[in-house]
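I am opening a notebook on this structure and shall write down what I looked up, entry by entry. The sequence and the model come before the notes.

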Amino acid sequence: MSIKLRDLIRSVRSCKTASEERSVISRESAMIRTAIREEQEQFRHRNVAKLLFMHMLGYATHFGQLECLKLIASPHFPEKRIGYLGLMLLLSEEADVLMLATNSLKNDLNHSNQFIVGLALCTIGNLATPDMSRDLATEVDKHLRSGSPYIRKKAALAMARCLTKCPDMVEDFVERIVSLLKDRSHGVLITAVQLMSCVCEIEPEVGKGSFVRLVPSLVRLLRNLLSMGYSPEHDVSGISDPFLQVHLLRLMTVLGEGNEEASEQMNDILAQVATNTETAKNAGNAILYECVQCIMTVESEEGLRVLAINILGRFLLNRDNNIRYVALNTLGKVVLQDSAAVQRHRNTIVDCLKDPDVSIRTRALDLIFKLVNLDNVEGLTAELLNYLVVCQSENKSDICTRTLGVVDKFSPNERWRVDTLITLLTIAGKDCDDRVLSASSTYIASSKDGVKAYAVHKLVKAMRDDDGTQEGLLIVAIWCIGEFGDMLLNPHTSENGVSYQALEPLNVISEVEGVTKQVTCTNAIRQRALTCFAKLTVRFAHCDAGVVQKLRVLVNKFKASINLELQIRACEYSNLIVEGGSGKGSLARMPVVDPKVAGKKSLRGSMSSGGIDAGAIANSSIPGGGGAVGGGQDVGGDLLDLLDLGGGTPAAAPAAAPTTNQSAIQTAQSTDADLLSDIFAAPMPTPSGAPTVVPPAMGGGGGGGDLLGDMFRGTPAPLAPVAQAPAPAAMPPQPPVVDMFAPQPVAPAGNGGTTANPTFTAFSKDNLTIEFETRKEDLSSQSCEVVATFKNSGFADMTGMNFQVAVPKYITMEMLPPSGTTVPCNGGGNVSQVVKVTNTQMGTKKLMMKLKISYTCAGAKVEEMATASGFPVGY
Amino acid sequence: MCAFIEWKDKKIVYKRYASLFFVACVNSDDNELITLEKIHLFVEILDRYFGNVCELDIIFNFHRAYHILDELMIGGYLQDTSKKEVLKSCSTMDDMMDDEKEIGAGGNGSRRNSSKK
C-alpha cells in the first residue's frame, strides 16, 4: 500500500544515517515501480509527487517520466498540474520522450479552462525543444491576442522560448509583439519588454529595426512609472515597480546603442531617473545601476556621462558590499572611455583590493590593471605585489604575467624594473610562467652595469633567504650568478642607498652548491647550477686557484649522476673547463639581448634551423655555445662557420637586434652577405638591392643584431659590405677604417715594404700595444700568418689577457693559443699569438680584422674593441 | 560579504533568510541587484501564501512552492510584478484542485474500496 507524500517526507527526515535514507528511498522507489507496472491510476499523481521529492534529493527517477506523460493526458486538473510539474522537473530538453508531450500540449492549449492553458504555456516556456517550438508557435501566437492578461503574459514568455529555439521564426511574430506594449497590465508589460529584449538578443538587426520606433513609448511608460504615486500592488520599498523600470532601461540600452536619434529621445528620462531615484534601498540602487549602464552604453551627452560616473563614485564609497561590487564591475567597463574620472577613485579601488570578500578583490584587481599608467605605476605595482603575497595560488600565475606586462610598458627606470621583477620572483617564483623568467633575465642582462651588480647581489640575498620553494627565483638567480658572478666580488651601493658587501668566491660557490643540495631542488635547477659552475671558472679565473679547482670538482661530481642530462652536461663541461681548455671563449659573458626582439623571436619560434631561440636564453644552459663570442681559441675553423650553423640568421646566435626591427627582419632573411655586414656594423643594402646610406654613428645599432655586430658596437665608421652582396649604386665606399683608438696605423705598403714581414701597430691604448706582423711562406699563396705581439708599457701587469678576432667572410682564420695570458709591466716581456688567415680574395681585397681585447690590470677589468686594417697589400 | 559569486561564465546571486539560502544563477551581464529583488519578491509571496513561512512549510509543500514559482517565473523571465496577482491565480488554482478532489473522492469511492492491495 503506497504511502502518502507527507509520510514519505517524514520518514526520510527521521533517518539518522545516509544508508537509512537510501533504504527508505529504495523501498518506496520499488513500490512506485510496481505501481507503475500495474498501471494503478488512482495513486499516479501521488506517486509522481513522491518521485519529485526523491528527484530533489538526487536519486534516479527516470522510470517515472512516462507516468508524467500519462498524467498530463488526464482530464483532471490536479493530475494535470502534477503531471506538468513532473514533466518540467524530471525531464530535460534532451529527453526523447518529450516529443510525446507535444500532442497533449496542443490539446491543452486549446482548452476552455484558462488555467489549463496557462499550465501548457508554462511548460512550453520552460521546456520547448526546437521541434516542439515550430509545431506550437502558431498556437502560442494565438494566445498573444487572448482576452485574458493572465494568458497573454504567459504566452509572451512561451513565445520568448520558442523564438530562442527557432530564431528564423522571429520575423513572423515581430508585429504581434509590438502590440503588447499597449497593455495596461504590468504583468503583460514586463513580459512583453522581456520578450523584446530577448528578440533583440537573438536577431539584433530584425529586433532593433522593428523596435527602435517604439522608444518614445518606452520612454512614456517609464515616465508614467516615475510619476505614478503610490500603488500598493507594485510597490517595493517605496518605488513603484522597480522590475519594470529596470527592464525598460535594459531594453532602451539595447535600442539606443549606436543610434543617435533613439539616444536623444532617452536623454531626459535618463537624467530624471538618475537624479530622482531613492538610493536608500536596494531596489533604488538596482534602478540606478541599470540607468548608469544605459547612459554609458548609448550615445548620451557629456553631462549625462559625468552624472553617471559620479553615481558610480558614490556607489564605490557605499558600505554595502553588493553596491561596491556592482560599482567596480561597471567601472571596469567604463575605464576605457573615461579613465581620468576613474583615476580619481584609485585609492578606494586599492582599498577594495584588501577587502575580505573574494568577488570584490577580483573586480578590484581587474580594474587596477586597467588603470595603470606612467604616473601611478610605482604605487600601484607595490599594491599588486602586496596582493600577490596573499592571493590564492591559482591566480598567482595570471597576476605575474599581467604584472610583467605592466613592467614592460610602464617602467620608469631600469633599476625599478629589475627590482620589481626580483620581488615578483621572490613572492611567486614557483607560480610564474616561463615568460616571466626569461623576461627577468633579459632585462637584467640588458641593463647598465650598476643595475646588473645591484640585481645579482639582490638575487644572491634572495636565494639565501628562500627556503628552496621558489623555483623561478632560483633559476634566474643561478643564471645571473653564472653570468655576472664577477660583480659579486665587489661591494655595491645602489642609488637608493642599499649597499651590499663583497662576497668571497668560495661563498658564492657554496651558496649555489647549497641550493643544489636541498631536497626541493629540481633537475632543472641542477642543470643550471652546472652551467653556473662552468661559467664561474671563467669569471673567477683571476681568483685563487683553489676556487677554480673547487668548481671543477663540483662539476665532476655530477659525472656520476643518475640523471642523463646532468651526466652529459657534467662530462662536457668538465672537458671545457680543464686547465688551458677552451672554456674562456665559450663561457664568456653573453651578449645582450634586446627584450623586445627577444619577445618577438620567442613568438616567432625559431626560424633558423636549430637556432637557439632567443626567448629561451634564460632557460638555455648551453653557454652561448652555438654563437660563441670570439674566436674560441681551440675551436678552430671559421668563426663565421659557427654563425652559419644557424642558417645564417642572427637567430642562431643568442644575441638579438638591439634596435631596429627592420634590421632584425632583414637579417632573418639575410644572405651571408648581410651577416657579414652586421659584423662591421653597417646595415646591408637589402637583397632587393635598395640602396641604404649608412649613417656613421650606426655603431650603436649593432647592425642586424649579429652577436659580433653587437660586440663591435663601438666602431663608428661604416665598413665596406662584402662583394657577394648585389651591388647597388649607393654602396658605401671602401673607406680606410678609422680606428678611433689607434693613432694612424703605420702605412703598410711602401714603408718598410721591402721587409719580408710587414709589421704595423694594430692597437694601442692605455699602455697596451698590439703589433701585427704578417708572414708568408709563398707570396702567391692566399694563406699567411699574422703574429700578434702584446706589449705592456704601464707599471701594472695585465693578467687574463683574452684576445679575440673576427674576420670578414672572404677570409678564413685559425687562432693558435697565445704564449701566455699575462703581459708583464714596463715592457718586461711580450705575449704573442699566431693567427693563420687565408684570404680568398687576395689581390682584390685586403685583410681586415676586428679585435676584442680584455684583460685585468691593477684590479680593474678592461675591455677594448678595435679594427685592424693596416694590413699590407698582397696578403 | 557580497552576495555575488563569479562562476564559470555566469554569476551566482544568493540571499540568506534565517537558515535558508535562496540561490539564483544569472548571466554575467545581468543586473545582480534586481535579481536580489526578484528573490525577495518570491520569498514575500511564499510568506503571504503560507502565512509566516518557515523551512518546514517548504519541505512538506515543495510542490506548492513550485506551483507558486511557476506563477512568478517562466523560463527564467519574470511573469508578474504584483504579489496580489500571483497569489490570486495560485489560490484560484488551489480551489480548483480541492473541487476536483471532492468530485474525485465521491466518484472514486467505490473504486477505492474495491481495489485493495
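Before naming any element I note that helices (H or I, at least four residues) and strands (E, at least two) are DSSP runs, numbered from the N terminus. This is a predicted model, in which local features need pLDDT of at least 70 and side-chain atom pairs count only at pLDDT 80 or more, while totals for chains, interfaces and linings use all residues. Residues are numbered from 1 along each chain as its sequence is written, chains are lettered from A and ligands numbered from 1 in the order in which they are written, and side-chain values use heavy atoms, with hydrogens and water left out.

Entry one, the sheet of chain B. Three strands form an open antiparallel sheet in the order β1-β2-β3 of chain B, and β1 and β3 (20-27) are the edge strands, each pairing on one side only. From one strand to the next the twist averages 25°, where axes are lines fitted to C-alpha atoms, for helices over the stretch in contact, and angles run from 0 to 180 degrees between N-to-C directions. β1(B) is joined to β2(B), residues 10-17, by four bridges in the antiparallel sense, and within this pair F4(B) stands opposite V13(B). I then found α1(B) packed on the sheet, touching β1, β2 and β3 of chain B, with a direction that makes about 40° with that of β2(B); contact here means heavy atoms within 4.5 Å.

Entry two, the loop between β1 and β2 of chain B. K8(B) is found in this loop, and I note for K8(B) a positive phi of about 50°, although it is not a glycine. Most residues other than glycine have a negative phi.

How many residues of chain B are in contact with chain A? I find 47 residues of chain B in contact with 63 residues of chain A. The area buried between the two chains is about 5,300 Å², of which carbon and sulfur atoms give 60%; buried area is the accessible area (1.4 Å probe) that two parts lose on being put together, summed over both. Six salt bridges are counted between chain B and chain A, a salt bridge being a side-chain nitrogen of Lys or Arg within 4 Å of a carboxyl oxygen of Asp or Glu. D30(B) forms a salt bridge with R250(A), with the closest N and O atoms 2.9 Å apart.
On the side of chain B that touches chain A, at least two residues each are supplied by β1 (4-7), α1 (32-50), α2 (55-60), α3 (62-72), β5 (77-78) and α4 (83-114) of chain B, and the largest share, eleven residues, comes from α4(B).

K154(A) forms a salt bridge with E71(B), the closest N and O atoms being 3.2 Å apart. K154(A) lies in helix α9 (residues 149-165) of chain A and E71(B) in helix α3 of chain B, so the pair joins two chains.

Three strands form an open antiparallel sheet in the order β8-β11-β12 of chain A. β8 (798-806) and β12 (860-868) of chain A stand at the edges with a single partner strand each, so one side of each is left without a neighbour in the sheet. The twist averages 15° from one strand to the next. β8(A) pairs with β11(A), residues 849-857, over seven antiparallel bridges, and there the bridge partner of N802(A) is S854(A).
Elsewhere I looked up β5 (residues 759-765) and β6 (residues 768-775) of chain A, which run antiparallel and are joined by six bridges; F760(A) stands opposite F772(A) in β6(A). The hairpin of β5(A) and β6(A) has two residues between the strands, and D766(A) takes a positive phi near 50° there.

E39(A) lies between α2 (18-37) and α3 (44-57) of chain A, in the loop, and the phi of E39(A) is near 55°, a positive value in a residue other than glycine.

Notes. Two strands pair if DSSP finds at least two bridges between them.
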